[in-house]
Amino acid sequence: EAQVTQNPRYLITVTGKKLTVTCSQNMNHEYMSWYRQDPGLGLRQIYYSMNVEVTDKGDVPEGYKVSRKEKRNFPLILESPSPNQTSLYFCASSPWTGDEKLFFGSGTQLSVL
Amino acid sequence: GENVEQHPSTLSVQEGDSAVIKCTYSDSASNYFPWYKQELGKRPQLIIDIRSNVGEKKDQRIAVTLNKTAKHFSLHITETQPEDSAVYFCAAQRGSTLGRLYFGRGTQLTVWP
């Protein structure tokens, strides 16, 4: 089944404790992206990647890191999480070239205490 | 960067009525305009999209119109049903900046039986 898999689904952590949210897609998509969703603010792009080893900042990259060592994986790293990073996070992928439809993962609800 | 504004933030309609959600964008170079639907607790899913060389596109009960001169586009849902209740997001992609997709803040549509 074609899908974008995010883990974990829920995560509660404390300020400063490094964490990684994983994202994997099995559709051979070139493009992958991370968004955070906050009430009243919609979906805001954190980082995106057009291909392996190519990553770029979105609207709200501060406090986040990403890597694209393999085509299928695009992990989101929070080196030192803070309470303002409490949010719902979505990973998405897309063929992009000629078809920009985004396929979203199921989301990760992160709470930073 | 691009700025996408979406109105209204909430919309309530009676079943069978029509619903219209409007978005404006700031960058005249934007050339791709998708609409995503997010049901409660679910991931966003693409419902319709339009490119800048097209003025209108329909898919059964939903349609999108684009006015490039005024830099706005709208989602029209006819004969609304309770299952149309969801948050709807518009977005715009700048043609000059591959990979950057800017979302509006969303519209909570409620369809009352």
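User: Is C23(B) buried or exposed?

Analyst: In this predicted model, local features need pLDDT of at least 70, side-chain atom pairs count only at pLDDT 80 or more, and totals for chains, interfaces and linings use all residues. Residues are numbered from 1 along each chain as its sequence is written, chains are lettered from A and ligands numbered from 1 in the order written, and side-chain values use heavy atoms, without hydrogens and water. Buried means under 20% relative accessible area, exposed over 50%, partly exposed in between (1.4 Å probe, protein chains only). C23(B) has a relative accessible area of 1%, so C23(B) is buried.

User: In which strand is C23(B) found?

Analyst: Strands are DSSP runs (E, at least two residues), numbered from the N terminus. The run with C23(B) spans residues 19–25 of chain B and is strand β3.

User: How far apart in space are C23(B) and Q6(B)?

Analyst: In sequence, 17 residues separate C23(B) and Q6(B). Q6(B) is also in contact with C23(B) (heavy atoms within 4.5 Å). From C-alpha to C-alpha, the distance between C23(B) and Q6(B) is 4.4 Å.

User: Which are the edge strands of the open sheet of five strands in chain B?

Analyst: The order is β1-β3-β8-β7-β6, with antiparallel pairing. Two strands pair if DSSP finds at least two bridges between them. The strands that pair on one side only are β1 (4–7) and β6 (56–59) of chain B.

Note on methods
Helices (H or I, at least four residues) and strands (E, at least two) are DSSP runs, numbered from the N terminus. Lists of a residue's contacts leave out its neighbours within four places in sequence.
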